[in-house]
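Please keep the model open as you read.

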Amino acid sequence: MTAVPRLVLSAPSSGHGTNALSIGLLAALADRGLDVAGFKIGPDHVDAAYLGLASGRPGRNLDPRLVGAERLGPLFAYGAEGAGLAVVQGTMGLYDSVAGRPEAESTAAVATTLRSPVVLVVDVAAMGQSVAALVHGFRSYDEQLWLGGVILTQVASQRHETMLREALDDVDVPVYGALRRHELPPVLPARRHGVVPVLRRDGEAIRAVRRLGEAVAGTVDLDRLLALARSAPALPVEPWSPASAAPVEEAPLVALAGGPGGSYSYAETVELLRAAGAEVVTVDPLRDEALPAGVRALVVGAGLPESYARDLSANRRLCIAVAELARTGRPVLAEGAGLLWLARELDGLPMCGVLDAVGASRDGLVVGYREATALSDSVVAGTGAVAVGYKQHGAVLTPRAGQRPAWSWDGGAPEGFVWRGVHASQLGLHWAAQPEIAGRLVTAAGVAAGAEGVGAPA
């Protein structure tokens, strides 16, 4: 059993301020000295990173499609262990699902699985008494959902706020806060920077989180929200554990692409690698000019932003070191933009040259889940293994796949590259659903036990 006070913050649709409020709520309560934990529903690395920056512990993703609904409770219990409050930020609208499976994959479904009260964040800029009908409809739509109240954003004036509160009082819906139009400012770094400001602990990101915390502390009834969170019943699950396999005897050194504030992978990746016996170090592909001495494997997660292609290309010394690591047969696992980094070039910029492929940026994004089948034996999976991953990219590679493709899925040609110890694909996986990846990679990294690792290029 897990008894952690918890709230799910959601909204009628995207754009109501749920992200800023979730970050601000965590920051405000952390400033009070409360141990808090942040979670993001869905695959989004960026929102999870800022939740982690606000809480002071890793922000984590709860994605029923990527990890399976049966793992949501255990992963939540693991990530929230010891916290005085866990805040779960929803995705899209409360009952929405990208894959058209709201009964299992929406924010409402996750909230029900976690037995958590939901606080609905509502932008009322163009709304009066109709807010009561809107919220009443969301509360009545699913009898299993526990809608505990609302926070109002974009409130125009004191008169407007009074009108809204009276309307919601008539349908017995508590209001935990009402923010004026200037009180939830767009202070977070531009989305194109991805998780980089968090991983670097940039001053702009830190100041933005602090400002959101101050805004929430001044406008939201934190004590009443805590009381609501503490009314959540115990969750009848055992916490997830990364210790899924016996670790190897000798700990190989594995480099994980990231920075001082974490990595481009989901938070569980480093925990699974360590549990499998690896010693894990961080390498910043945008700044570090060499791999740490003795490195036997490299993992580049899907959170690496494509917008930093020029920085990746300019770091020639590290590109040479990565190419040498791959050439010697060491495991190199690259997801998302990591695949583009391993290519010969991207938009005319030279990259690592590990893969005989050329990348080009295009308008629009390719976004969505894929149920993929492995087409080649690799450090990620054996031929025929099935995994669910997520794609979000603008640039594409030519060719799309190598002589040994990584994956296939319905409606698409084979994708990705398997070469020597390299597995590169634009499909991002959540390793909690495939914990064996860590063991396979660590075993492959340790095959050459006693051999000298690859560091800075000569």
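## Ground rules

Helices (H or I, at least four residues) and strands (E, at least two) are DSSP runs, numbered from the N terminus. This is a predicted model, in which local features need pLDDT of at least 70 and side-chain atom pairs count only at pLDDT 80 or more, while totals for chains, interfaces and linings use all residues. Residues are numbered from 1 along each chain as its sequence is written, and side-chain values use heavy atoms, leaving out hydrogens and water.

## Two backbone details

Met 92 sits in the loop between β4 (85-89) and α5 (102-105). Its phi is near 55°, a positive value in a residue other than glycine. The second detail is in the loop between β16 (386-398) and β17 (407-409), where Pro 399 is found. The peptide bond from Thr 398 to Pro 399 is cis, with omega near 0°. For context, most residues other than glycine have a negative phi, and most peptide bonds are trans.

## Helices that cross

Axes here are lines fitted to C-alpha atoms, for helices over the stretch in contact, with angles from 0 to 180 degrees between N-to-C directions. Angles under 35 degrees count as roughly parallel, over 145 as roughly antiparallel, 65 to 115 as roughly perpendicular and the rest as oblique. Contact means heavy atoms within 4.5 Å. For residue classes, Ala, Val, Leu, Ile, Met, Phe, Trp, Tyr, Cys and Pro count as nonpolar, Asp, Glu, Lys and Arg as charged, and the others, Gly among them, as polar.

Start with α1 (residues 18-31) and α11 (residues 222-230), whose axes come within 12 Å and cross at roughly 100°. α1 is therefore roughly perpendicular to α11. Leu 25, Ala 28 and Leu 29 of α1 meet Leu 222, Leu 225 and Leu 226 of α11, a contact with 6 nonpolar, no polar and no charged residues. Next, the axes of α2 and α10 (residues 203-219) come within 10 Å and cross at roughly 70°, so α2 is roughly perpendicular to α10. Here Tyr 50, Leu 53 and Ala 54 of α2 touch Ala 205, Ile 206 and Val 209 of α10; by class, the residues are 6 nonpolar, no polar and no charged.

How do the axes of α7 (residues 130-141) and α8 (residues 158-170) cross, and within what distance do they come? They cross at roughly 40° and come within 8 Å, so the two helices are oblique to each other. Val 131, Ala 132 and Val 135 in α7 meet Leu 164, Ala 167 and Leu 168 in α8. That contact has 6 nonpolar, no polar and no charged residues.

## Around the second largest pocket

α2 (45-55) returns here, supplying at least two residues of the lining of the second largest pocket, as do β3 (60-62), α9 (196-199), β8 (253-259), β9 (262-263), α12 (267-275) and β10 (279-283). The largest share, 5 residues, comes from α2. The lining divides into 12 nonpolar, 11 polar and 5 charged residues.
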